[in-house]
Amino acid sequence: MQIGEVADRTGLSLRTIRYYEEVGLVVPSARSQGGFRLYTDPDVDRLQVIKRMKPLGFQLEEMRDLLAILDPAPGSPRIDDPVARLTEFAETAEERCAELRAKLTIAEEFAASLRSSLDAARRGQPGATRPAH
């Protein structure tokens, strides 16, 4: 499939996919006669792994290491103890998910206080435009 279809399937921009190619995280499996990048389902799967790591704050080098464990490609770094490294990735992902859940709770509480303030303001209650703490 061409890069446009990959972008549609992954929700990544063309620019992002090209960047991941440039830094060596994913390489198109082939090129068409016209020079267009051609991707396979395993290429799309690699991009999905990268996409899932991004919101958890994983850096490019960490992405490279995880992909070397989960889906080794030619030129992938050698991981000495893949099970130990995968354990580290799993623990880090869990910690970062917990941090994101805590932030989401705070954000949802704030959004709820804004909704309450808006409801009160619509009813004309004094001081209603000040969000609750």
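In this predicted model, the largest nonpolar core has 23 residues. Those with the most contacts inside this core are Ile17, Tyr20, Leu47, Ile50 and Phe58. Two or more residues each come from α1, α2, α3, α4 and α5 (82-122). The element that gives the most to this core is α4, with five residues.

Leaving aside its neighbours within four places in sequence, Ile17 is in contact with Ile3, Val6, Ala7, Thr10, Leu12, Tyr39 and Leu47.

Helix α4 has the buried residues Met63, Asp65, Leu66, Leu67, Ala68 and Ile69. The cover over the buried residues of α4 includes α3 and α5.

**Helix pairs**

| Pair | Angle | Axis separation |
|---|---|---|
| α1 (residues 3-10) and α2 (residues 14-22) | about 105 degrees | 9 Å |
| α3 (residues 41-53) and α4 (residues 60-70) | about 135 degrees | 11 Å |
| α1 and α3 | roughly 45 degrees | within 10 Å |

Helices α1 and α2 pack at an angle of about 105 degrees. Angles of 65 to 115 degrees count as roughly perpendicular, so α1 is roughly perpendicular to α2. On the α1 side the contact is made by Ile3, Gly4, Val6, Ala7 and Thr10, and on the α2 side by Leu14, Ile17 and Arg18. Sorted by class, the contact of α1 with α2 has five nonpolar, two polar and one charged residues.

Helices α3 and α4 pack at about 135 degrees, with axes 11 Å apart. That angle makes α3 oblique to α4. The crossing in which α3 passes α4 is right-handed. In this pair, Arg46, Val49, Ile50 and Met53 of α3 meet Glu62, Met63, Leu66, Leu67 and Leu70 of α4. By class, the contact of α3 with α4 has seven nonpolar, no polar and two charged residues.

For α1 and α3, the axes cross at roughly 45 degrees, and the two helices are therefore oblique to each other. Their crossing is right-handed. From α1, Val6, Arg9 and Thr10 meet Asp41, Val44, Leu47, Gln48 and Lys51 of α3. The classes in the contact of α1 with α3 are three nonpolar, two polar and three charged residues.

Ile50 of α3 meets α4 and is among the residues with the most contacts inside the largest nonpolar core.

Thr87 lies in helix α5. With a relative accessible area of 37%, Thr87 is partly exposed. Thr87 and Arg37 are 50 residues apart along the chain, and their C-alpha atoms are separated by 34 Å.

Definitions and conventions: Residues are numbered from 1 along each chain as its sequence is written. This is a predicted model: local features need pLDDT of at least 70, side-chain atom pairs count only at pLDDT 80 or more; totals for chains, interfaces and linings use all residues. Side-chain values use heavy atoms; hydrogens and water are left out. Axes are lines fitted to C-alpha atoms, for helices over the stretch in contact, and angles run from 0 to 180 degrees between N-to-C directions. Helices (H or I, at least four residues) and strands (E, at least two) are DSSP runs, numbered from the N terminus. Angles under 35 degrees count as roughly parallel, over 145 as roughly antiparallel, 65 to 115 as roughly perpendicular and the rest as oblique. Contact means heavy atoms within 4.5 Å. Ala, Val, Leu, Ile, Met, Phe, Trp, Tyr, Cys and Pro count as nonpolar, Asp, Glu, Lys and Arg as charged, and the others, Gly among them, as polar. A crossing is left-handed if the near helix is turned anticlockwise from the far one by less than a right angle, and right-handed if clockwise. A nonpolar core is a set of buried Ala, Val, Leu, Ile, Met, Phe, Trp, Tyr and Cys residues joined through side-chain atoms within 4.5 Å. Buried means under 20% relative accessible area, exposed over 50%, partly exposed in between (1.4 Å probe, protein chains only).
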